[in-house]
Amino acid sequence: MFKKLAVLAALTSLLLPATAYSAQVPILAGPWSTYQEGYGHVEPSTIFNGGDPTGLVKHIEWLTWGGPRAVGVGSGFYVAPDQITAEGHRAAAVIVAFKLGTCHGRRAYNAVQWYFPEYGERFNAHETGYKICTGSEGR
């Protein structure tokens, strides 16, 4: 009996730090609406805002996650200025999750942005669009 308790105590001490650590890994805040994908998850491979294809990034491979900014690469839908959505096409996208804080009591990235370097775009932390925890507009 004593041996079983000792083994159980040893296993518990090994598992507790991992559990405590995993509770600290941030999610991508949200979701705030129906039909969305990726929001509310750690390192989502797809992010979809639930609307037209400009709000979809697929096949995301995260290069970093857990720091002040998470950076990944994936396939997005690029629409050039003065084009309509039907004229857009799939293109390589860089995705950045940032504004690390909390969302509904969980550690979370509260802003996300993707851009298309091939077309001269770059990350701009001042263009956050929606507050992805709640879906309200704001910066």
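What follows is a conversation about how to read this predicted model.

Biologist: Where should I begin with the sheet, and in what order do the strands lie in it?

Modeller: As a general idea, strands of a sheet pair through backbone hydrogen bonds, in either a parallel or an antiparallel sense. Here six strands form an open sheet in the order β1-β6-β5-β4-β3-β2, and the pairing is mixed. The edge strands are β1 and β2, each of which pairs on one side only.

Biologist: How many bridges join β3 to β4, and which way do these strands run?

Modeller: Three bridges join β3 to β4 (residues 70-78), and the two run antiparallel; within this pairing, tryptophan 62 stands opposite glycine 72 in β4.

Biologist: Why is β4 described as largely enclosed?

Modeller: Seven of the nine residues of β4 are buried, and therefore the strand is largely enclosed by the rest of the structure.

Biologist: Which residues touch the most other members of the largest nonpolar core?

Modeller: The general idea is that in soluble globular proteins nonpolar side chains tend to be buried together. In this model the largest nonpolar core has 24 residues, and those that touch the most other members are Leu28, Tyr39, Ile47, Trp62, Ile95, Val112 and Trp114. Two or more residues come from each of the elements β1 (27-28), β3, β4, β5 and β6 (106-115), and the largest share, five residues, is given by β5. Apart from this core lies another, of five residues, among them Val94, Val96, Phe98 and Tyr115.

Biologist: What is isoleucine 47 in contact with, leaving aside its neighbours within four places in sequence?

Modeller: On that basis, the contacts of isoleucine 47 include Leu28, Tyr39, Trp62, Ile95, Val112 and Trp114, and each of these residues is also listed among the core members that touch the most others. Glu37, Gly55, Leu56, Val57 and Ile60 are also in contact with isoleucine 47.

Biologist: And the cysteines: which two does a disulfide join?

Modeller: The idea is to look for two sulfur atoms within 2.5 Å of each other, and by this rule the count comes to one disulfide. Cysteine 103 is joined to cysteine 133, with an S to S distance of 2.1 Å, and the link is right-handed, with 90° about the S-S bond. Because cysteine 103 lies in strand β5 and cysteine 133 in the segment after β6, the pair ties together parts that are 30 residues apart in sequence.

Biologist: Are these two cysteines buried or exposed?

Modeller: Cysteine 103 is buried, with a relative accessible area of 2%, and cysteine 133 is buried as well, at 13%.

Notes. Residues numbered from 1 in each chain as written. Predicted model: local features only at pLDDT ≥ 70, side-chain atom pairs only at ≥ 80, totals over all residues. Heavy atoms only, no water. Pairing = 2+ DSSP bridges. Helix = DSSP H or I, 4+ residues; strand = E, 2+ residues; numbered from the N terminus. Buried < 20%, exposed > 50% of the residue type's maximum accessible area, 1.4 Å probe, protein only. Core = buried A, V, L, I, M, F, W, Y, C linked by side-chain atoms within 4.5 Å. Contact = heavy atoms within 4.5 Å.
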